[in-house]
Amino acid sequence: MGSRGERLQKYMARAGVASRRKCEELILAGRVTVNGQTVKELGVRIHSGDIVVCDGRTVTPEPLEYYLVNKPAGVISAVSDGRGRPTVTGLVPSRQRLFPIGRLDRDTTGLLILTNDGRLAHQLMHPRFEVDKVYRVEVKGKVTAADLKRLRTGIRLDDGVTTPAAARLVSAGDAGSIIELTIHEGRKRQVRRMMEALGHPVTRLHRCRYATLTDTGLRVGDYRALDRDEVAELEKISGKEENEGG
Ligand code: URA
């Protein structure tokens, strides 16, 4: 909750009382109090320390948590795995029900956000917001200028042509090459399929940047909490603020 507070109906919806629309109806029906006062109109904002009661029950949402994880290889990007394999949520001790925003393949290392903020996750995964995802891609064979051009133009995959990527050659040799690739889409195994289409199968894949967040200072296997400014920046990028009308 920022210094401007959070709209009452959103706070209630986050606590699982009902949908936002339904919470608005509860408010207008006079069934909600804030600090002992019945609220009769929409527009009230909740700040930390406020006590919200609906139909005699105190309303307490889960605190929202946000972590940046540098996923190791072998770990699944899911909340749980039916086959008992380690998952990213096991990397962060928390009492909240965290889930990853998006996915990395099991063998891919690098940055993933874990949160219990479903709304931010939904917004960030929407292709409309074109969040930058930067990968360090190690491949077989020598990547050529023509390959880079194709990455920048778009590559035909079985689920359609990729949107133009930014591609920078880090090193190239007959045995293998390294490129830095920035994409905005999040299709399944996208980078691996793009490189395969060019005849350069991926040998290692690491996501080193997600939106404005980089892996600097965060070793593979480690995590850290995002600070307020970082969360605010993600909200701005994802258009979350704009959709909420402030
Ligand atoms: N592209 C892939 O192919 N794999 C990932 O894990 C992420 C992007």
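Biologist: In this predicted model, is Arg152 buried, partly exposed or exposed?

Modeller: Arg152 has a relative accessible area of 41%.

Biologist: Which element holds Arg152, and which residues does Arg152 touch beyond four places away in sequence?

Modeller: Arg152 belongs to helix H4, which covers residues 145-153. Leaving out residues up to four places away in sequence, Arg152 is in contact with Pro164, Ala165 and Ala167. By contrast, 47 Å separate the C-alpha atoms of Arg152 and Gly43, which are 109 residues apart along the chain.

Biologist: How is the protein chain divided into domains?

Modeller: Domain 1 takes in 6-58, domain 2 consists of 66-128 + 213-243, and domain 3 covers 132-210. Taken over C-alpha atoms, the centres of domain 1 and domain 2 are 30 Å apart.

Biologist: Which parts of the chain does the pair of Tyr67 and Tyr223 tie together?

Modeller: Tyr67 is in strand S7 (residues 66-71) and Tyr223 is in strand S17 (residues 223-225), so the pair links parts that are 156 residues apart in sequence.

Biologist: What is the relative accessible area of Tyr67, and what is that of Tyr223?

Modeller: Tyr67 is buried, at 13%, whereas Tyr223 is partly exposed, at 34%.

Key:
Residues are numbered from 1 along each chain as its sequence is written. This is a predicted model: local features need pLDDT of at least 70, side-chain atom pairs count only at pLDDT 80 or more; totals for chains, interfaces and linings use all residues. Side-chain values use heavy atoms; hydrogens and water are left out. Helices (H or I, at least four residues) and strands (E, at least two) are DSSP runs, numbered from the N terminus. Buried means under 20% relative accessible area, exposed over 50%, partly exposed in between (1.4 Å probe, protein chains only). Contact means heavy atoms within 4.5 Å. Domain bounds come from an automatic or database domain assignment.
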